[in-house]
Amino acid sequence: MATEAQSEGLAFHPMDQFIVKPLFGGETVGMMTPTNVTLWMALTILAITALFVFGTRGRAIIPSRIQSIAELAYGFVHKMVEDVAGKDALKFFPYIFTLFCFIVFSNFLGLLPKAFTTTSHIAVTAVMAMAVFLTVTIVGFVKNGAGFLSLFWVSSAPLPLRPILALIEVISYFVRPVSHSIRLAGNMMAGHAVIKVFAAFAPLILISGIGVAVTPLSIVAITAMYGLEVLVAFIQAYVFTILTCVYLKDALHPHH
């Protein structure tokens, strides 16, 4: 009986937190069904609106804390776009800034208890990555015409190697949206799953000496993992954004 109780206590499903569920009952998720993903994406948009509209409407000379955060975020991404992609890329700053804000707010809101991390789903990150891919590809051909294809031709390499390198460059180019989306979703999913695994050990009934040793250690581990996830939440938003700037630079200046 003790073994059965322990096995039941240890039963946990760390991936259940990523299940998409309808908001208003039922189990079928259709194209227009409001789900927990819909809810937390809407809350992300509301949080961004609250920060940049209501938090900065006063535009005081001595900014409040909320206004300071908004200005720091604006300046941080603006400088990133200019430094990485060049001044001619600043026309795309609103789009890149929107991406950064959506990802960073989604990541941080996903750290709240009982929250849903929308960026842990490949369906969400793949749409953003594909939008970036299509945008930079269209911009590359519109701005450079057929000259955009020079991105794949490494003129500095020895002539016999250029066709091989061109094939590698083409493959790596079309893999971009895959790696761009999986990197973000995978990191967010992995971190939350690990926290859930440690959390499953924390409330164990202290039955044996092993239980006494495991429970305090798990609480410490959860705290450490949560702190790490706060850092990862920002870093992954930064990585997604800076890669977008790098891809945009290739579209604006494709020559090797």
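Modeller: The following dialogue takes up one feature at a time. This is a predicted model, in which local features need pLDDT of at least 70, side-chain atom pairs count only at pLDDT 80 or more, and totals for chains, interfaces and linings use all residues. Residues are numbered from 1 along each chain as its sequence is written, and side-chain values use heavy atoms, with hydrogens and water left out.

Biologist: How many helices and strands are there in the protein?

Modeller: Helices (H or I, at least four residues) and strands (E, at least two) are DSSP runs, numbered from the N terminus. The protein has 7 helices and 0 strands, and its pattern along the sequence reads α-α-α-α-α-α-α.

Biologist: What share of the residues count as buried?

Modeller: A residue is called buried under 20% relative accessible area, exposed over 50%, and partly exposed in between (1.4 Å probe, protein chains only). By that rule, 38% of the 256 residues of the protein are buried.

Biologist: How is the span of helix 2 to be read?

Modeller: The expected span is 1.5 Å times one less than the number of residues in the helix. Helix 2 (residues 36-54) has 19 residues and should therefore span 27 Å; its end C-alpha atoms lie 26 Å apart, which agrees.

Biologist: Which residues of helix 2 are buried, and where do they fall around its axis?

Modeller: An α-helix has 3.6 residues a turn, so residues three or four places apart point the same way. In helix 2 the buried residues are Asn36, Val37, Trp40, Thr44, Ile48 and Leu51. Viewed down the axis of helix 2, the buried residues fall within an arc of 115°, so they line one face of the helix. The arc is taken from the directions from the helix axis to the C-beta atoms. On the face turned away from the buried side of helix 2 are the exposed residues Leu46 and Phe54.

Biologist: What can be said of helix 4?

Modeller: Helix 4 is largely enclosed by the rest of the structure, because 13 of its 17 residues are buried. At 1.5 Å a residue, helix 4 should span 24 Å, and its end C-alpha atoms are 24 Å apart, which agrees.

Biologist: What is found in the loop between helix 4 and helix 5?

Modeller: Lys114 lies in the loop between helix 4 (93-109) and helix 5 (122-144). Although Lys114 is not a glycine, it has a positive phi of about 70°. Lys114 is exposed, with a relative accessible area of 83%. Thr117 is in the loop between helix 4 and helix 5 as well, but Thr117 is buried, at a relative accessible area of 4%. The C-alpha atoms of Thr117 and Trp40 are separated by 7.6 Å, although these residues are 77 residues apart along the chain.

Biologist: How many salt bridges does the structure hold?

Modeller: Side chains of opposite charge can pair when their charged atoms come close. A salt bridge is counted when a side-chain nitrogen of Lys or Arg is within 4 Å of a carboxyl oxygen of Asp or Glu. The structure holds 2 salt bridges.

One of them joins the side chains of Asp83 and Lys79 (2.6 Å, N to O). Asp83 and Lys79 are separated by about one helical turn, because they are 4 residues apart in helix 3 (residues 65-85). Both Asp83 and Lys79 are exposed.

Asp250 forms a salt bridge with Arg176, with 2.7 Å between the closest N and O atoms. This pair links distant parts of the chain, Asp250 being in helix 7 and Arg176 in helix 6 (residues 162-201), 74 residues apart. Asp250 and Arg176 are both buried.

Biologist: How many disulfides does a search of the whole structure find?

Modeller: A disulfide is a covalent bond between the sulfur atoms of two cysteines. The criterion is a pair of cysteine sulfur atoms within 2.5 Å, and the search of the whole structure finds 0 disulfides. Cys101 is buried, with a relative accessible area of 4%, and Cys245 is buried at 0%.

Biologist: Which residues form the nonpolar patch on the surface?

Modeller: Patches are made of residues with over 30% relative accessible area and no salt bridge; like charges are joined within 9 Å, and nonpolar side chains (Val, Leu, Ile, Met, Phe, Trp, Tyr) within 5 Å. Here the nonpolar patch consists of Phe76, Phe108, Tyr226, Leu228, Val230, Leu231, Phe234, Ile235 and Tyr238, with about 720 Å² of accessible area together. Such areas come from the Shrake-Rupley method with a 1.4 Å probe, and for residues only the protein chains shown count as cover. Helix 7 (residues 209-252) supplies the largest share of the patch, 7 residues. Ile235 is in helix 7 and is partly exposed, with a relative accessible area of 35%.
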